[in-house]
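Trainee: Could you take me slowly through one part of this model, showing me how its strands are arranged?

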Amino acid sequence: VLLLGRSRVALPLRAGAFSLSGAVFLAGVLGVYCGFGRAPRGDGSVSLDDFEGRAGCPDWWTSGSYSQRRVPGRRGRFLEVRGSGSSPDARSIRGLYLRDDAGRLRALELDVEGHGPTSGRMRIELAEDDNGNWEIERDRPGNLLFDDRFVRELIVDWVGWRRVVLPLGDFRDDNPGVGNDRFDPRREGGSGGLLDLRIFFAALGGHENEVRLGLDNLRWIP
């Protein structure tokens, strides 16, 4: 409020919040606000998203057949993935460029809500930088060109919320022969380490390829 407030007295544009310096400061405030959601916690964990913040914070990208939206629930807001696909191969993707170094952490923890035996399935992909350029290069079909991709699949066939812990050591190399075929998420030796997280949502073969599940409290734990 103080930042954007305007005086009753006409001021030069350069003195207000809409000056260049004011814009830079505002961008910094918003950047810090977004950063709080992913800051290390007292227990050593690092939050990726609890879905309580505004849209775009953190900056996920999405695509695909199913709706992905933040909705209110008894425990606060969460991500609801829901809809019917047009074919058995229908899927949706949610992706995030990882800001924090995950090298010291041992598992990915998430809360998942199911709605029965055909709620859906999730495929979690982790891509880490092996050619030391802090990028994950892909061809047009989406195959990695120089870096490793490790994956883990989760079948959601229960009712209600369940906390799921996925040890990073349980992720399997999905593209042998590309990269160095070792899971080395730490940022060292010029490597960006673990840089890219993608979650694929798909049906389990239920009615009209329907998916209905919830996702909350996604974080790295030590």
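Mentor: Two strands are said to pair if DSSP finds at least two bridges between them, and the strands themselves are DSSP runs (E, at least two residues), numbered from the N terminus. This is a predicted model, in which local features need pLDDT of at least 70, side-chain atom pairs count only at pLDDT 80 or more, and totals for chains, interfaces and linings use all residues. Residues are numbered from 1 along each chain as its sequence is written, and side-chain values use heavy atoms, with hydrogens and water left out.

With that in hand, look at the open sheet of six strands, whose order is β2-β5-β11-β7-β8-β10 and whose pairing is antiparallel. Because β2 (61-64) and β10 (172-173) stand at the edges with a single partner strand each, one side of each is left without a neighbour in the sheet. The partner of β2 in this antiparallel arrangement is strand β5 (residues 91-97), to which four bridges join β2, and Thr 62 has Arg 94 in β5 as its bridge partner.

Now turn to the loop between β7 (120-129) and β8 (148-156), where Asp 147 is found. Asp 147 is buried (under 20% relative accessible area, with a 1.4 Å probe and protein chains only), yet Asp 147 has no salt bridge, a term that stands for a side-chain nitrogen of Lys or Arg within 4 Å of a carboxyl oxygen of Asp or Glu. The nearest side chain of opposite charge, Arg 138, is 7.6 Å away from Asp 147, where Lys and Arg count as positive and Asp and Glu as negative, while His and the chain ends are not counted.

Notes: Buried means under 20% relative accessible area, exposed over 50%, partly exposed in between (1.4 Å probe, protein chains only).
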